[in-house]
Amino acid sequence: MRTVARKIADWINRLGSIWVEGQITQISARPGAATAFLTLRDPSADVSLTLTCSSALLRNMEPPLTDGSRVVVHGKPTFFVGRGTLSLRVDEIRAVGIGELLARIERLRQLLKAEGLFDPARKRPLPFLPNKVGLITGRASAAEHDVLSNARLRWPAVRFEIRNVAVQGSTAVPQILEALGELDRMPEVDVIVLARGGGSVEDLLPFSDEALCRAVSACRTPVVSAIGHEPDSPLLDHVADVRCSTPTGAGKRVVPDVAEETQRIHQLRDRARRALHGWVDRERRLLDALRSRPVLADPIGPLDRRSEQVSGLRDRARRAMTSVLTTEQHRVEGVRSRLTTLGPAATLARGYAIVQLVDPDGVDGVLRSVDEAPPGTRLRVRVVDGAVYAVTDE
């Protein structure tokens with residue numbers, strides 16, 4: 001037994017590396033483990049083969065491998081003598097069929113994302129009410145009917161500029177690009193809708209085309225993507241300004257609902273009416289309050305009261321000034337009386353005189369009588385400013 005197993009192992013080891021195609025049915029990759037285990041099954045026969053590969057190879061697969069993925073693997077067969085089992089040590093895994101398409105789309109997705117075509121900052125808002133809606137879809141398709149019927153149901157006056165094109169196959173991308181460029185050059189078209197019903201990955205492949213994605217990104221008109229159903233996600237959904245899960249959703253998104261807008265107008269009108277009435281009521285109350293104030297209710301009364309105050313103050317000032325003048329007049333008259341009584345003129349009028357003896361050396365006192373003059377002195381009388389002076393004449 002051991003010899004047979006060893007010879008089988010030697011013979012298998014001489015086979016070298018081979019390519020094997022099949023379907024992945026089981027994936028076992030433990031966290032932190034260096035090796036991952038997979039099971040490759042023949043879709044047309046009840047035959048399976050165990051695969052081993054590095055965990056890094058499995059993690060780097062784009063898109064990630066899942067149960068049911070069709071792949072082509074490259075590896076070297078190995079026979080384990082102890083367990084008597086055959087496995088394939090894999091160093092390369094490639095997706096085939098749908099898996100290959102998805103891998104190609106995923107690579108293009110990463111490229112466009114790295115260039116910034118998926119950046120939300122580049123997305124343009126849709127107009128509230130477009131002048132005209134451009135529609136690119138299949139001829140007489142359900143998608144066209146869904147977009148038109150739902151849009152007209154919401155806004156009956158909506159206008160469309162329709163371009164019917166192939167939406168699958170080799171001619172789809174050129175026709176879509178031509179229609180997209182034509183609608184983008186029309187100034188009356190405010191939004192463009194690309195609509196298609198659901199389908200397989202191969203049917204939706206034109207809407208993941210690189211040329212179409214770049215053309216949509218370069219459009220000056222906002223673009224709405226309505227491709228397939230909710231699970232479908234072609235690359236156009238990420239590049240377009242707005243993504244709708246279905247054509248029905250696109251018809252509801254591009255125009256407002258006339259009933260909702262009418263109701264909103266009524267609500268806004270009611271709010272404006274209430275706001276205006278409230279403002280008028282507040283201003284009326286303010287005017288009433290101002291009108292009821294004394295200064296406005298009797299505007300002459302405060303002036304009269306102020307006039308009375310001014311008159312009273314004026315009388316008080318007049319009386320005060322008169323009193324001051326009278327007092328000062330009495331004081332002046334008293335001073336004048338004293339001056340008159342004590343002045344030389346009054347003395348002379350009574351028959352008296354005040355005589356000062358003036359000699360060459362100056363005044364030499366007052367003469368109470370002529371006898372007080374020195375003997376032999378001759379007197380000469382002189383009046384200066386009411387005063388009488390006796391001047392010696394020696």
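Guide: Helices (H or I, at least four residues) and strands (E, at least two) are DSSP runs, numbered from the N terminus.

Guide: This is a predicted model, where local features need pLDDT of at least 70 and side-chain atom pairs count only at pLDDT 80 or more, while totals for chains, interfaces and linings use all residues. Residues are numbered from 1 along each chain as its sequence is written, and side-chain values use heavy atoms, with hydrogens and water left out.

Visitor: How many helices and strands are in the protein chain?
Guide: The protein chain has 12 helices and 14 strands.

Visitor: Which residues of α5 are buried?
Guide: Buried means under 20% relative accessible area, with exposed over 50% and partly exposed in between (1.4 Å probe, protein chains only). In α5 the buried ones are Ala172, Val173, Ile176, Ala179, Leu180, Leu183 and Asp184. They fall within an arc of 135° seen down the axis of α5, so they line one face of the helix. The arc is that of the directions from the helix axis to the C-beta atoms.

Visitor: Why would residues three or four places apart point the same way?
Guide: Because an α-helix has 3.6 residues a turn.

Visitor: What covers the buried residues of α5?
Guide: The cover includes β6, β7 (160-164), β8 and α6 (210-218). Contact here means heavy atoms within 4.5 Å.

Visitor: New topic. How many cavities of 30 Å³ or more does a search find?
Guide: The search of the whole structure finds 1. On a 1 Å grid over the protein atoms alone, a cavity is a set of points where a 1.4 Å probe fits but cannot get out, and lining residues have an atom within 4 Å of a point.

Visitor: Which residues line the largest cavity?
Guide: The lining is Ile136, Thr137, Val165, Val167, Ile176, Leu194, Ala195 and Phe207. Ile176 is also one of the buried residues of α5. β6 (133-137) and β8 (191-196) each supply at least two residues of that lining.

Visitor: And the whole chain: what share of it is buried?
Guide: Buried residues make up 32% of the 394 residues in the protein chain.

Key. On a 1 Å grid over the protein atoms alone, a cavity is a set of points where a 1.4 Å probe fits but cannot get out, and a pocket is an open set with protein on both sides within 12 Å along at least five of seven lines; lining residues have an atom within 4 Å of a point. Grid points are joined across faces, edges and corners, and a volume is the space filled by probe spheres set on the points.
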